[in-house]
Amino acid sequence: MTQAPADEERPNQPERSPRIGLVSLGCPKALVDSERIVTRLRAEGYELSPSYEGADAVVVNTCGFLNSAKEESLQAIGEALAENGRVIVTGCLGVEADRIRDQYPDVLAITGPQAYDAVVEAVHEAVPRAHDPFMDLVPPQGVRFTPRHYAYLKISEGCNHACSFCIIPHLRGPLKSRPLSDVMREAERLVAAGVQELLVISQDTSAYGLDLGYAPSAWGGRTCETRFTDLAEALGSLGVWVRLHYVYPYPHVDGVLPLMADGRVLPYLDIPFQHASPRVLKAMRRPAHQEKTLQRLADWRASCPELAVRSTFIVGFPGESDEDFEALLEWLSAARLARVGCFKYEDVDGAPANALPDQVPAAVKEERYARLMAHQQAISAEILEGRVGETLEVIVDDVDAEGAIARSHWDAPEIDGNVFIDEAAGLQPGDRVMVTVTDASEYDLWARPVRRPACADESAA
Ligand code: SF4
């Protein structure tokens, strides 16, 4: 067992810095993990305590390699709880969170190996950092470029696929998911800072947690798994809009439809289908290219009739024939997607698709692009016309002298449509209000706020 050394006396240290104890068990890799955790904590102004009694909380970095090592780790957790009482468990045994919780239900948090961010977050939660005028220039929710009321929440980096037109796996490496507890703590900070809409992003949101073996992750007093549906459910409990982007139509995605039907997650899925012709999808090496997507869409709509699906498509991919393109238009007619974006294929340096034969001439790409957009415009106009007269919840993005610009459950910021509200008195960005739709175009809606009857206001007063 390695016990963390005490800090030397430093005359300029601010008074009452929080103090963390650390018990490090196991192999050199675990020791390096401990060093990294301590480095992060020290950089944030925490001091190290050489004794249990002097610590505000204790981190136990466990080993789970052999049964005897697991036993030793469990004993160390028990000792830290008995001596200090405020214990955060990390390291290899952390993947057996249920076993630890069964024996020690009072541990504050459990994270797995190399989950540095999650451990440090758990320490922040257990023992808040001391105020530091230099470090505290950055707000707790971080610096964001989005308006105050919505925020992007990145849940993983990289991608395990090898789409022939894409170099992202080459640039960013394979899928690397953040532990669920880490994502949730960021989400909670954002909500506490006034965010009303969380936009979940990654390269492949539905693959979330695969690289971590769907490791257990403690959040909200329970153990979740680091996987797509658990994350959607946890985010859906925060009381704000949750919008899922970059989802692939794998069978397990079915699991979020009940959350959408219950109103816990927005009934919106952003699925980059890219094409519908099996031949083109195969040449693109798309994930889930063998899925029966129309049947899946029908099943999802049966579970959640309000579901809106947005997607993007590429026209003019090398080898795309007239038949392939007609198949795509037919598929769009059948799929009736709410929102569609389209790109004309371009070579990307380093992408395997550059070497494919039968490149499509620029004029043909242009014509197919125009036809697809016009085709989808008619579908979109029909869908939106059907909304006239409905009462919807919208979120207000902007208010000016002419009224308010808002979005419905089916509109992501920047990429989808808007809901324009002429009578905007009293509305502010970030407000979530009920409106009645009065008019529609191909992409946007117009609406007026649903006013409460005067007697309701009086009785409330
Ligand atoms: S396009 Fe394909 S390879 Fe590129 S990030 Fe998306 S799923 Fe991964």
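Visitor: Leaving aside its neighbours within four places in sequence, which residues is Leu445 in contact with?
Guide: A heads-up: this is a predicted model, where local features need pLDDT of at least 70, side-chain atom pairs count only at pLDDT 80 or more, and totals for chains, interfaces and linings use all residues. Residues are numbered from 1 along each chain as its sequence is written. Being in contact means that the C-beta atoms of two residues, placed from the backbone, lie within 7 Å. Once neighbours within four places in sequence are set aside, the contacts of Leu445 are Leu384, Arg387, Ser408, Gly417, Val419, Val437 and Ala440.

Visitor: Is Leu445 buried or exposed?
Guide: Count the other C-beta atoms, placed from the backbone, within 10 Å of the residue's own: 20 or more is buried, 12 or fewer is exposed, and in between is partly exposed. Leu445 has 27 C-beta neighbours inside 10 Å, so it counts as buried.

Visitor: What separates the C-alpha atoms of Leu445 and Ala406?
Guide: Leu445 sits in strand S21, where a strand is a DSSP run of E with at least two residues, a helix is a run of H or I with at least four, and both are numbered from the N terminus. Along the chain, Leu445 and Ala406 are 39 residues apart. Their C-alpha atoms, though, have a separation of 9.5 Å.

Visitor: In what order do the five strands close into a barrel?
Guide: Strands of a sheet pair through backbone hydrogen bonds, either parallel or antiparallel. Here two strands pair if DSSP finds at least two bridges between them. The pairing in this barrel is mixed, and its five strands go in the order S17-S18-S19-S21-S20.

Visitor: How many bridges join S17 to S18?
Guide: S17 and S18 form a hairpin with two residues between them. Asp400 faces Gly403 in S18, and Asp398 is opposite Ile405 in S18. S17 and S18 (residues 403-408) run antiparallel, and the bridges joining them number six.

Visitor: In S20, which residue is the bridge partner of Thr391?
Guide: S17 covers residues 391-400 and S20 covers residues 432-440. These two pair in the antiparallel sense over five bridges. Within S20, the bridge partner of Thr391 is Thr436.

Visitor: Is Glu414 buried or exposed?
Guide: Glu414 is in the loop between S18 and S19, and its phi is positive, about 75 degrees, although it is not a glycine. Because Glu414 has 9 C-beta neighbours inside 10 Å, it counts as exposed.

Visitor: And Gln274, is that buried or exposed?
Guide: Gln274 also has a positive phi, about 70 degrees, although it is not a glycine. You'll find Gln274 in the loop between strand S14 (268-270) and helix H9 (278-284). With 22 other C-beta atoms within 10 Å, Gln274 is buried.

Visitor: How far does helix H12 reach from its first C-alpha to its last?
Guide: The expected span of a helix is 1.5 Å times one less than its number of residues. H12 (residues 362-385) has 24 residues, and the expected value is 34 Å. Its reach from first C-alpha to last is close to that, at 34 Å.
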